[in-house]
Amino acid sequence: MSPGDPSPFKINNAGSKNKKWLLTCDHASNRVPYHMDNLSLSPKELSRHIAWDIGAMGMANEISRILDAPLVSGNYSRLIIDLNRPISSPTLIVDNADGTPILANTNVSHLEFSERVDYFHTPYHNKISSMLDLRVMDENVPILVAIHSFTPLLNNTNRPWHIGLLYEHDDRLVEPLKEAILSKNPELIIGDNEPYAIRGPSDYTIPFHGQDRGIPHIEIEVRQDLIETQEKQIIWGQRLASALISVVNSIPPMKIITPKT
Ligand SMILES: [Zn+2]
């Protein structure tokens, strides 16, 4: 890493006393470490959804502000290493992303692979683990909310959903959150495990930090064309924060449950 490169992750609202929530944004940034020369990609390619979740961080920031919740976010592009993949995943470091060859990721050496894991992936997830440990030790049942965004068009297929609510085995938050969102915005199309479903072997943040711990959790995906501008990110952040608040206010306190396998 070069002296000007920032740390692998960022925490907003770190000092918050609110132990009820922990927010994550795995794909918040399209930054590439200085020495990697933008992975030989043009600025145009690096601004595409292949490098990051467009609009997600602005929206996550607003949710974090309203909930007074800490937000842990990745500080580098998913093309360096995907923080939402287990280390064993074949798509942890991709050499082709939605049709764009990532030449800098072909034939990554063992050393380079371990360096990327050690510098980017491990510290990010260790931080989330330690923050959740602290909350559980204090006898809280923290709610983990993972914020993402998805591209409206993939493989020439339009995706009609405005939002997706994603989970695998624990669906405690899904229906209440859906109802809370629709009660104020009945026109929205909400995907239930769409545009894709969470699966333990291919996803990481929710299965590892949420499901394996048995704490309530949800992954929220918003379509990228809806949150292209800062103004829209704020509107969506407010909409989702208000739905999350109304969910915790309307259902009985949630417990830590033994994960199903
Ligand atoms: Zn994402």
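## Helix α6 and the sheet

Helix α6 (residues 230–250) lies across β2, β6, β9 (163–166) and β11, and runs at about 155 degrees to β11. Helices (H or I, at least four residues) and strands (E, at least two) are DSSP runs numbered from the N terminus. Axes are lines fitted to C-alpha atoms, for helices over the stretch in contact, and angles run from 0 to 180 degrees between N-to-C directions. This is a predicted model, in which local features need pLDDT of at least 70 and side-chain atom pairs count only at pLDDT 80 or more, while totals for chains, interfaces and linings use all residues. Residues are numbered from 1 along each chain as its sequence is written, and side-chain values use heavy atoms, with hydrogens and water left out.

Helix α2 (residues 56–67) lies across β1, β2, β3 (71–74), β6 and β11 (217–223), at about 170 degrees to β2.

## Strand order

Seven strands form an open sheet with mixed pairing, in the order β1-β3-β2-β6-β11-β9-β10. Two strands pair if DSSP finds at least two bridges between them. At the edges stand β1 (9–12) and β10 (190–192); each has a single partner strand, so one side of each is left without a neighbour in the sheet. On average, neighbouring strands of this sheet are turned by 20 degrees against each other, direction ignored.

Strands β2 (residues 21–25) and β6 (residues 143–150) pair in the parallel sense over four bridges. In this pair, L22 stands opposite L144 in β6.

## Nonpolar cores

A nonpolar core is a set of buried Ala, Val, Leu, Ile, Met, Phe, Trp, Tyr and Cys residues joined through side-chain atoms within 4.5 Å; buried means under 20% relative accessible area, with a 1.4 Å probe and protein chains only. The largest such core has 38 residues, and those with the most contacts inside it are I63, V145, I163, L177, I220 and V222. Its largest share, seven residues, comes from α6.

Leaving aside neighbours within four places in sequence, I163 is in contact (heavy atoms within 4.5 Å) with residues including F150, I220, W236 and L240.

## Zinc site

The zinc ion is coordinated by H27 (ND1), D53 (OD) and H148 (ND1) at 2.0 to 2.1 Å. Donors are N, O and S atoms within 2.8 Å of the metal (3.2 Å for Na, K and Ca); water is not among the atoms, so sites may look incomplete. H27 lies in the loop between β2 and α1 (43–46) and D53 in the loop between α1 and α2, so the pair ties together parts that are 26 residues apart in sequence. Both H27 and D53 are buried.

How values were computed
Buried < 20%, exposed > 50% of the residue type's maximum accessible area, 1.4 Å probe, protein only.
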